[in-house]
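Welcome! Please take a moment with the sequence and the 3D view below, and then we will walk through them together.

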Amino acid sequence: MKVKFILPALLEAKSPFWRPIKYSLFPPLGLATLAAYLAVDDAVDLIDEHVETLRTDDEPDLVVIQVYITNAYRAYAIADQYRVRGCYVALGGLHVTSMPDEAAAHADSIFLGPGEETFPQFLCDLRDGRPKRRYTSPVRTLDHVPPVRRDLIKRELYLVPNSIVVSRGCPHHCDFCYKDAFFEGGRGFYTQRVDAALAEIERLPGRHLYFLDDHLLGNARFARALFDGMRGMNRVWQAAATVDSILRGDLIECAAQAGLRSLFVGFETLSQDNLRASNKKQNLRRSYAEAIARLHSLGIMINGSFVFGMDDDGPDVFERTVEWAVRQGITTATFHILTPYPGTALYQRMHAAGRLLHSDWSRYDTRQVVFKPARLTPDKLKTGYDRAYREFYTWFNIARGALSHVGVKHQLKHFAYAAGWKKFEPLWNFLIKTRRLPHMLPLLESILSELQKTKTRHQTTDRLEEPGSC
Ligand code: B12
């Protein structure tokens, strides 16, 4: 069977928001995971439209398309083109799960929830000539997942080819998150077996890893065993975790010893009322400053995530948040405009209150206002959000953030990362567009490796001073 996997993208020509640096970050792991269920004699092609040109004049037997909210219309257009020519089209992913009837109009089969159980079942049904129109995944386990088909990933096209996920979902239930809708009817958080996760890490070349798990510290037992296994692997890595998990026990120290160098933390808001209203209990009454100090003491850089437009946010929220983040020495900040994804509790609340402005999914990208805020106009929210990004990344604030760290090494690292990410974006874009990325990656890898050597020496001394810490 000839199978084509496609991750559609917002196209440059159509979107003023196209940022090559952002869209060339990670390869399509979800599709490479599904491809592992094919037979050895199936011919497979995996195209990621974020980084390469998609041709649709071929005639595969099966076309598998992953649908996010903002690529939904593009995904449907591609699906329609293939169906006209008689190719079998399967649509799945987050947006298909939230809007199954909308997606079904463009597919032969649709898939709700994660694909590890339903996709292999569908392949058997298809080969038997009786595929179903709709597959729903009630079984949640990663115990028997075959190794991700990394051979299908064109590593040279990505800034971070070594992305990896060793769990699915998250133990929490924030009302704005896609997670509860996607994992409905089964477990909302589960992990791989530790030995399988370690084997997947071993298979990745180079030193640097990026865990895309929503909350890598979400299951303390699993995380501790994983970090134990990773010690001595000589890896440096990034991940995401919550404020409460940073403050609890010594898991974060174990992560640092296993090579954690930068953490994505969902602070989201400085308002306790906002936290309560959005059910973000894991942040309530937790000291953000204490969590930050702890990460910095371990030499871990912070990518802080913030959401603007919650009901307690007034006109001063932008300046206050940026000032706070700079003073705390947060290295990189990701700001979002609150976006009610269909299927979430937030969406239902906004819909019931008549506060949604439209349902043009291509604009549900967390950079545009799609609802009526309570204490701001949509225009004030948009301009405040744009200003927050500009302000956080002024040279002045990058320097202030860097100087808030103790020690020249940490100050330089902060400066290099914050400036490197935002201030040199045109250079990154040039390298990506002119396909010079493959020449740059070995250089970056050796810079990281030098940082790692300094850090390992530093940590060995720390460990000798604090015996039995992990
Ligand atoms: C990496 C990533 C990206 C990458 C690209 C995606 C990629 N290369 O895969 C980049 C950086 C480009 C990106 C961009 C954006 N992203 Co993003 N991204 C992620 C992230 C962190 C990881 C994705 C991943 O690899 N997951 C792990 C794999 C194993 O899971 P999966 O991809 O979901 O695939 C599984 C299932 O979905 C299912 N499945 C998927 N497709 C199909 C198809 C079939 C037929 C079947 C059977 C099953 C199936 O099976 C797979 C295995 O279980 C997720 C958060 C998350 N933890 O998932 C956010 C996430 C997907 N992104 C999100 C958003 C909003 C965006 C942006 C709009 C953000 C922005 N402001 O720009 C853009 C838009 C991109 C676009 N073109 O539309 C939201 C999506 C919300 C929604 N309801 O759709 C998420 C969930 C983040 C969040 N918490 O809000 N993103």
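## A pair of facing residues

Let us start with A90, which stands opposite S109 in β5. Strands here are DSSP runs of E with at least two residues, while helices are runs of H or I with at least four residues, and both are numbered from the N terminus. β4 and strand β5 (residues 109-112) run parallel and are joined by 2 bridges; two strands pair if DSSP finds at least two bridges between them.

Before going further, please note that this is a predicted model, in which local features need pLDDT of at least 70, side-chain atom pairs count only at pLDDT 80 or more, and totals for chains, interfaces and linings use all residues. Residues are numbered from 1 along each chain as its sequence is written.

## The sheet around them

Which strands make up this open sheet, and in what order? Its 6 strands follow the order β2-β1-β3-β4-β5-β6, with parallel pairing. β2 (43-48) and β6 (134-136) stand at the edges, and each has a single partner strand, so one side of each is left without a neighbour in the sheet. From one strand to the next, the twist averages 15°.

Helix α3 (residues 72-84) packs on the sheet and touches β1 (2-7), β3 and β4, with its direction at about 160° to that of β4. α6 packs on the sheet too, touching β3, β4, β5 and β6, and its direction makes about 145° with that of β6. Contact means C-beta atoms, placed from the backbone, within 7 Å; axes are lines fitted to C-alpha atoms, for helices over the stretch in contact, and angles run from 0 to 180 degrees between N-to-C directions.

## Another open sheet

In another open sheet, 6 parallel strands are ordered β7-β10-β11-β12-β13-β14. Its edge strands, β7 (163-164) and β14 (332-337), each pair on one side only.

Strand β12 (residues 260-268) runs parallel to strand β13 (residues 301-308), and 6 bridges join them; F264 has N303 of β13 as its bridge partner. β13 also pairs with β14 in the parallel sense over 6 bridges, and here G304 has A333 as its partner.

## Around the ligand

Where does the ligand find its neighbours? Of the 40 residues around the ligand, G30, Q66, G92, G93 and G115 come nearest; a residue counts as near if its C-beta atom, placed from the backbone, lies within 6 Å. α2 gives the most to this shell, with 4 residues. At least two residues each come from several elements, including α1 (20-23), β3 (62-66) and β4 (88-92).

The shell draws at least three residues from each of domain 1 (2-136) and domain 2 (162-431), with bounds from an automatic or database domain assignment.

Key
Two residues are in contact if their C-beta atoms, placed from the backbone, lie within 7 Å.
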